[in-house]
Amino acid sequence: MPFPGGLWWLLCCRRGFTLLRRDYGEAEREADGEAEEEEEEASFELRAQGDQGSLEVSLSQPTRSSSGSERSLLVAEEMRSLIVEKGPGPVEDDPDALVKGWLQREMRGCMKTPWIRPRKYWFVLTPDSLDYYSSNEKGARRLGSLVLTSLCSVLWPDKQLYKETGYWSVTVFGRKHCYRLYTEHLNEAVRWVCAVQKVIDSKAPVQTPTQLLMHDVEEHRDSPEVLEQIYRCNPILRYTSGPLYAPLLPFPYGSLDQSAPGPRSYTTLRDEAVKLFNSLQQLESERDPVPLMQGVLQTCLDLPPLVDEIYCQLVKQTTEPPAPGGQGDLHYWQLLTCMSCTFLPSPPVLRFLRFHLDRTENRFPASEMAKYACFIREALGKTKGRECVPSLEEILVLMQRQEMICTVHCPGAPACSVAISSHTTAEEVAQELVSRLGLSQSPNLFALYEQSRRREQPVGSATLLADVLTRFENLAGEDREQDPPCRLCFKHYGFLDTDNVPRDSLEFALLFEQAHEMVLRGYVPTSEETLQTLAALRLQSLNSDFSTHAPFPRLEELFPPHVLHARLPPPPHRPPAKCRGARLRAGLLAGGLWGQALAKQRAERDQRLRGRLREEGASTMAAIVEKWKLLQGMGRPEAMAAYMALVREWPGFGSTLFDVDLQASPVGCGPQRLWLGIGAKAVSLYKPGDPEPLDSFCYGRISSFGASDSCTFRLSVEDRDLLFETSQVEEIAQLLNTYLASAGTKRLPQPQEPPTSPPTSEPTVLPQGPWQHQPPVGSSHS
């Protein structure tokens with residue numbers, strides 16, 4: 001007899017609910033049970049600090065069993081689980097319960113499928129774990145338990161998730177899995193987060209077998225027999241050809257913050273540590289290991305907690321390798337050399353590393369490994385941290401334990417080659433060049449500059465030149481066609497006395513070249529007639545008397561290009577469409593035939609402007625040549641002196657100019673876009689292109705200065721504050737400190753120890769008496 005239609009519908013629905021219950025209920029419980037068993041089996045990797053026990057047994061490398069899902073150490077004592085056995089079920093008056101209540105746990109896609117309501121469980125937080133049960137009745141079944149250690153973490157409720165789902169989340173990360181819990185009330189979520197975090201903070205730090213053995217090695221470093229037994233009985237300290245399934249050091253559970261700067265995306269620290277060990281093993285067979293080494297170094301720079309882990313992995317792989325001194329072994333030592341010049345490990349790892357270096361030198365004297373060990377020991381004493389990883393050229397040099405050759409360009413003089421190491425600072429190179437070029441008696445200040453076509457900025461005195469060269473390498477790779485490569489330049493940093501520089505000295509040539517750069521950049525406001533005369537004097541200094549066979553530089557190397565562009569007519573101004581319909585019609589026309597016609601008109605107009613620019617350039621060059629012919633018989637020193645005399649007519653010469661936007665103008669309704677001139681005696685404000693300053697403040701009128709934020713510089717003059725918006729806040733503050741320090745050197749024969757740099761958030765207050773001496777940032781002088 002066939003079933004009625006309604007009965008068939010009831011049976012199908014019941015079968016469907018049974019399937020749903022099996023999929024989202026029992027499967028979830030089985031997954032929790034399996035995860036709990038995995039956590040119990042893998043708990044050997046971490047031990048509480050106060051529960052070390054005896055280490056007179058062997059600790060082997062973590063290996064997988066034949067099933068591929070279990071890992072174990074061959075130590076019975078390390079197999080003890082951290083999970084505490086529970087009773088039959090929760091009761092309302094459980095004395096160990098810190099917090100308890102109903103929470104909804106995330107199941108498969110339940111937060112993404114609103115028609116499936118998350119399942120509620122009874123959660124109990126104890127001093128050792130976070131457990132959840134099927135109900136709050138006595139004898140209820142415990143469905144899962146998350147053991148809480150000092151490596152666990154908990155995430156704060158996410159407001160964005162609440163807007164999307166209507167639930168506040170509480171995420172607790174354990175070793176193998178995490179609990180994603182939800183509640184509809186914010187105060188309840190905060191209560192659980194705070195309670196779980198308090199339990200985590202109360203736990204003693206855990207230690208891995210590697211950390212325990214490092215402690216034993218340090219304790220018995222004076223007993224060779226005990227040390228040999230430790231290394232012989234514990235393969236975890238020695239080289240391994242197999243993979244690593246767990247890191248050597250403890251790392252917190254949970255995902256990384258993907259908002260960290262950098263183009264790379266990373267998983268958890270534990271996973272990244274295991275991946276890095278796989279990368280290290282690839283070094284053994286790599287024919288060109290340099291890119292792989294740079295990738296490992298970049299990962300350590302992006303994730304600083306992995307520095308100690310990589311040091312421990314490298315020490316492990318260079319301990320008793322199968323072929324000491326072979327190609328694979330030397331690749332490990334070369335990477336360890338690069339690490340020692342880039343990162344400084346924590347004190348425990350540093351002590352373990354130094355012991356490893358001593359042990360290697362004693363076991364293999366006069367070998368390549370011993371030479372690398374000696375180099376690494378010296379590098380560790382100088383390393384203070386890097387902003388960039390070593391460049392490819394630096395890695396090649398470090399692999400040979402040699403120094404790099406850095407080229408520094410000097411205007412008016414041949415380029416200088418300076419040997420530098422990974423620890424050489426810009427101040428050291430500047431001092432060497434001052435001594436090499438005979439500028440020790442000059443009262444002016446000198447510094448290294450990063451120079452390109454678009455920008456020029458001084459290099460800080462404590463900046464490592466190796467980091468600067470790495471930035472140049474990265475910029476050359478990103479913008480290979482548009483701009484010439486960046487370079488280092490040695491120039492004047494502060495002009496204290498430009499009138500008494502001998503004309504036949506190298507410093508006068510440096511001063512002449514720097515003045516010419518200021519003219520080309522438009523920082524010497526004068527008439528166009530004077531600019532043509534300066535260009536003619538420049539030609540006379542380069543080629544002597546006029547000759548048709550003399551090489552002619554390009555016009556932009558003699559005359560400011562912005563003057564020629566100012567002669568061109570401005571582009572036609574089109575008022576914006578007032579209504580939406582007009583904008584829509586303009587957009588439709590631009591996409592059809594009218595758009596092609598407008599593009600053709602723009603191309604024709606640009607071609608006419610380029611032709612007009614060529615005509616203006618030709619006429620200007622002709623005028624410069626005519627003035628050049630009038631300089632017949634003038635020698636190079638006289639031409640340079642005449643050039644400098646014309647430039648000195650501008651009262652702002654000798655000041656360093658910065659483009660700033662003045663927020664509160666001191667001269668009423670003056671212009672907002674200004675030049676801020678920092679000189680040896682005063683600070684001046686100029687309208688761009690005007691020869692006379694709008695206002696000038698001697699240092700006696702300035703009470704304080706500093707950075708209000710990263711883009712705002714504050715200058716307090718008597719009873720008013722001037723705020724300047726600029727991207728060169730740090731450079732302005734450094735230069736002001738340099739001039740104040742130079743003035744203090746003259747007034748205070750025995751200066752006191754000053755702060756090394758101005759604060760970034762609070763303004764620098766100038767003292768009422770003589771200024772204290774402070775060495776200039778990024779400069780060198782006698």
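Mentor: Arg377 has a relative accessible area of 24% and is therefore partly exposed, a class lying between buried (under 20% relative accessible area) and exposed (over 50%), with a 1.4 Å probe and protein chains only. The model is a predicted one, in which local features need pLDDT of at least 70 and side-chain atom pairs count only at pLDDT 80 or more, while totals for chains, interfaces and linings use all residues. Residues are numbered from 1 along each chain as its sequence is written, and side-chain values use heavy atoms, with hydrogens and water left out.

The side chain of Arg377 meets that of Glu361 in a salt bridge at 2.3 Å, N to O; the term denotes a side-chain nitrogen of Lys or Arg within 4 Å of a carboxyl oxygen of Asp or Glu. This pair links distant parts of the chain, since Glu361 belongs to helix α10 and Arg377 to helix α11 (residues 368–380), 16 residues apart. Helices (H or I, at least four residues) and strands (E, at least two) are DSSP runs, numbered from the N terminus. Glu361 is likewise partly exposed, because its relative accessibility is 22%.

Helix α10 (347–363) also takes part in covering the buried residues of α4, as do β11 (206–207), α5 (224–233) and α8 (306–317), among others. Those buried residues of helix α4 (residues 209–219) are Pro209, Thr210, Leu212, Leu213, Met214, Asp216 and Val217.

A second salt bridge joins the side chains of Glu272 and Lys275, with 3.9 Å from N to O. In general, an α-helix has 3.6 residues a turn, so residues three or four places apart point the same way. Glu272 counts as buried because its relative accessibility is 8%, whereas Lys275, with a relative accessible area of 42%, is partly exposed.

Arg554 is exposed, its relative accessible area being 52%, while Glu556 is partly exposed at 40% relative accessibility. Elsewhere, salt bridges that share partners join Glu228, Arg238, Glu320, Arg359 and Arg363 into one network. The structure holds 31 salt bridges.

Note on methods
Contact = heavy atoms within 4.5 Å.
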